[in-house]
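Have a look at the sequence and the structure first, then read on.

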Amino acid sequence: MSQKYDITMKNIFSDMADDIMSYFLGLQYTKINELNIEFARVERRDSDMIFKCTTDRGNVAVHIEFQSENDGKMPYRMLRYSLEIMEKHNLLPYQIVVYIGKDNVKMANSLSYDFGEQNTLDYKYRIINVGNIKYTDVVGTNYYDLYSLLPLMDQSRRKEEGEKYLERCVEAIKDIPLDINKKKDIAFKAEILSGIVYKREVIEKVFSEVVKMFRIEESETYKMIIEKGIEKGIEKGIEKGEKEKSIKIAKKLLEEGMDIDKIAKITELAKEEIKKLIN
């Protein structure tokens with residue numbers, strides 16, 4: 001994995017551990033504890049996540065490794081990890097490599113040899129290519145921490161839609177039914193990971209809009225609108241005689257920097273009428 005992502009990878013993925021094990025692995029567990037293992041014989045170890053999980057089949061050490069690049073030496077590294085886990089914790093290792101790279105997976109997921117009945121090796125681990133996961137398979141689930149990975153998913157759709165796909169991912173994050181700080185955290189991670197497959201200028205353009213929206217959602221005016229049930233008024237229609245109040249709200253939202261289309265939707269004022277309110 002490139003040094004740029006090596007430094008931050010463990011922090012980025014630490015909150016996803018539960019969702020990764022449940023969604024990617026389908027692992028049913030009752031307890032999870034992080035294991036602190038220093039792999040003295042393995043080079044890059046910042047991104048490793050290793051957990052002791054209590055399952056209905058006993059305790060297991062789940063080892064998750066993230067890769068943004070193909071590494072021909074990956075099987076050797078994973079085998080060394082496996083041996084150290086067994087040696088230091090006497091646990092059966094369940095290993096997975098989560099590939100988040102731009103190119104197709106070209107890494108082997110096994111090592112084997114057979115030099116006679118008592119001299120053999122048959123070692124394998126799982127590789128999951130995030131690019132093969134469909135956008136629609138994740139959006140709509142409650143695995144919200146995995147939304148940070150959306151920009152890397154659905155490789156064929158991402159290549160076909162380009163910037164539009166990234167905008168779709170950002171919209172999905174904005175719509176998550178979580179508090180504003182959690183959504184910010186997910187969006188921040190998604191922005192960092194987007195750098196693996198998107199150009200910087202595209203990322204800045206798309207994510208500038210979500211940052212602006214989060215700022216608006218934090219504003220007192222926006223909170224007032226939510227508290228007073230104005231959004232319910234969108235569905236029911238704003239009663240006659242409320243126009244003056246709608247104009248007042250529209251002015252405040254313009255000051256906050258909200259988009260005219262959004263203001264029109266909230267207040268049910270015509271866009272032309274809102275434009276007239278601009279200084």
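## Salt bridges, cores and a hairpin

At 39% relative accessibility, K134 is partly exposed, a label for values between buried (under 20% relative accessible area) and exposed (over 50%), using a 1.4 Å probe and protein chains only. This is a predicted model, where local features need pLDDT of at least 70 and side-chain atom pairs count only at pLDDT 80 or more, while totals for chains, interfaces and linings use all residues. Residues are numbered from 1 along each chain as its sequence is written, and side-chain values use heavy atoms, with hydrogens and water left out.

What does K134 pair with? Its side chain meets that of D154 in a salt bridge, meaning a side-chain nitrogen of Lys or Arg within 4 Å of a carboxyl oxygen of Asp or Glu. D154 sits in the loop between α4 (135-138) and α5 (155-161), and K134 in the loop between β7 (126-129) and α4, so the pair ties together parts that are 20 residues apart in sequence. Helices here are DSSP runs of H or I with at least four residues, strands are runs of E with at least two, and both are numbered from the N terminus. D154 itself is buried, at 5% relative accessible area.

A search of the whole structure turns up 13 salt bridges. Here are some of them, with the distance between N and O:

| Pair | N to O distance |
|---|---|
| E65 and R77 | 2.6 Å |
| D154 and K134 | 3.9 Å |
| K164 and E167 | 3.9 Å |

E65 belongs to strand β3 (residues 58-67) and R77 to helix α3 (residues 74-89), so this pair links distant parts of the chain, twelve residues apart. Both E65 and R77 are buried.

K164 and E167 both lie in helix α6, three residues apart, or about one turn of the helix. K164 is exposed at 52% relative accessible area, whereas E167 is partly exposed at 29%. Other parts of α6 are tucked away: Y165, L166, C169, V170, A172, I173 and K174 are buried. The helix has twelve residues and reaches 17 Å from its first C-alpha to its last, close to the 16 Å expected at 1.5 Å a residue, where the expected span is 1.5 Å times one less than the number of residues.

Now for the inside. The largest nonpolar core has 48 residues, and F13, F24, I64, I100 and L149 have the most contacts within it. Such a core is a set of buried Ala, Val, Leu, Ile, Met, Phe, Trp, Tyr and Cys residues joined through side-chain atoms within 4.5 Å. Helix α6 (residues 163-174) supplies the largest share of this core, six residues. A second, separate core of ten residues includes M78, M107, L111 and Y125.

Leaving out residues up to four places away in sequence, F24 touches D19, I96, V98, R126, I128, V130, I133 and L149; contact means heavy atoms within 4.5 Å. Q155 is placed in helix α5 and is buried, at 11% relative accessible area.

Strands β5 (residues 110-114) and β6 (residues 120-124) run antiparallel and are joined by five bridges; two strands pair if DSSP finds at least two bridges between them. L111 stands opposite Y123 in β6. Five residues separate the two strands, and G116 in the turn has a positive phi of about 110°.
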